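Here is a short briefing on aromatic rings and their partners. Have the sequence and the model open as you read.

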Amino acid sequence: MKKFAYFPGCSLEKMASSYHKSALETTKAYDIELQELDDWNCCGATTYFHVDQLLAHTLVARNLALAEKERLDLVAPCSACYKNAFFTNKVLKDDPDLAEHINFALEEDDLQFNGEIDVHHLIEIFANEVGPDMLKKKIKNPLKGLNIAAYYGCQIVRPRKNGEEIENPQYFEDIISAMGAEPTYFPERLRCCGGSLIMTSREAALDMVRILLQSAEKNGAHVIATACPLCQVNLECYQEQVNEEFGTDFKMPILYFTQLLGLALGLSPKKLGIGIELVSATPVFSKLLPKEAN
């Protein structure tokens, strides 16, 4: 069993609890252990780096140092948390002077950043550590007849890594295919969902959500799969407001890829947090999946 330091981030504590549940259930099925970081702190999300970059790096570095102390690579399910951790890890490895400055602050917690670990997004664990072939081997309930739009969002592909395809990634679609489902053509899959723009420019943010939902629906998706709690909230929670603003009638379920993978593994919907979503996925599942999956 391979073990990683697990950084759930603030979102998975409450609003994205279904992501947390399904992440633990599905990784366990593939002999991956996610060991939650003891005494982790908020990464500052995206906005704090625009307020105080030094303190923002220090917040993230504390989590990295905690993972280093356990001698484990760090895994983050949230794309914003992942981006922050990946960039801070890289910046401090490349800038010894900055790392020394931040380590002075970390001494208060008897911690030190040494740049000895790597940072991964949760979906990368399934794409790279497990891989499509191994994913297929444990599928008990193939999601045949289910068209799933893979929504990467804008942050998951931002950290550019050597040899990785960032303009036309396919690993999310490969995971969906391994589930037995059909990846839906989704040209807007790398576009931003509006994120925190909903607070500053509501009309623009709602239009960004509309474009994504419209693209998925137009291309025949039954459900949108996401790998980020912030994207999930924007696409699901604001559908009603999008409908009111633009006269649309979207009823598109937005689920985490781990929930869909869990169904394909034969896990119960309750264990995966399915059934508490605002836009119910029941109509889709009742028509397309075997009764035991509902």
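This is a predicted model: local features need pLDDT of at least 70, side-chain atom pairs count only at pLDDT 80 or more; totals for chains, interfaces and linings use all residues.

Residues are numbered from 1 along each chain as its sequence is written, and side-chain values use heavy atoms, with hydrogens and water left out.

**Ring pairs**
- The whole structure holds 11 aromatic pairs. Rings of Phe, Tyr and Trp (its six-membered ring) pair if their centres lie within 6.5 Å; planes under 30 degrees apart are stacked, over 60 edge-to-face, and the rest tilted.
- Tyr82 and Phe86 make a tilted pair, 5.9 Å centre to centre with 55 degrees between the planes.
- Tyr151 and Phe186 have ring centres 6.1 Å apart and planes at 65 degrees, so this pair is edge-to-face.
- Ring pairs also link Tyr19, Tyr30, Phe126, Tyr152, Tyr171, Phe172, Tyr256 and Phe257 into a cluster.

**Where the pairs sit**
- Tyr82 and Phe86 share helix α3 (residues 79-94), four residues apart, about one turn of the helix. Helices (H or I, at least four residues) and strands (E, at least two) are DSSP runs, numbered from the N terminus.
- Tyr151 is in strand β5 (residues 147-151), and Phe186 is in the loop between β6 (182-183) and α8 (197-200), so the pair ties together parts 35 residues apart in sequence.

**Burial**
- Tyr82 is buried, at 0% relative accessible area. Phe86 is buried too, at 15%. Buried means under 20% relative accessible area (1.4 Å probe, protein chains only).
- Tyr151 and Phe186 are both buried.

**Charge over a ring**
- The charged end of Arg210 sits over the ring of Phe246, 5.2 Å from its centre. This term requires NZ of Lys or CZ of Arg within 6 Å of the ring centre and within 35 degrees of the ring normal.

How values were computed:
Buried means under 20% relative accessible area, exposed over 50%, partly exposed in between (1.4 Å probe, protein chains only).
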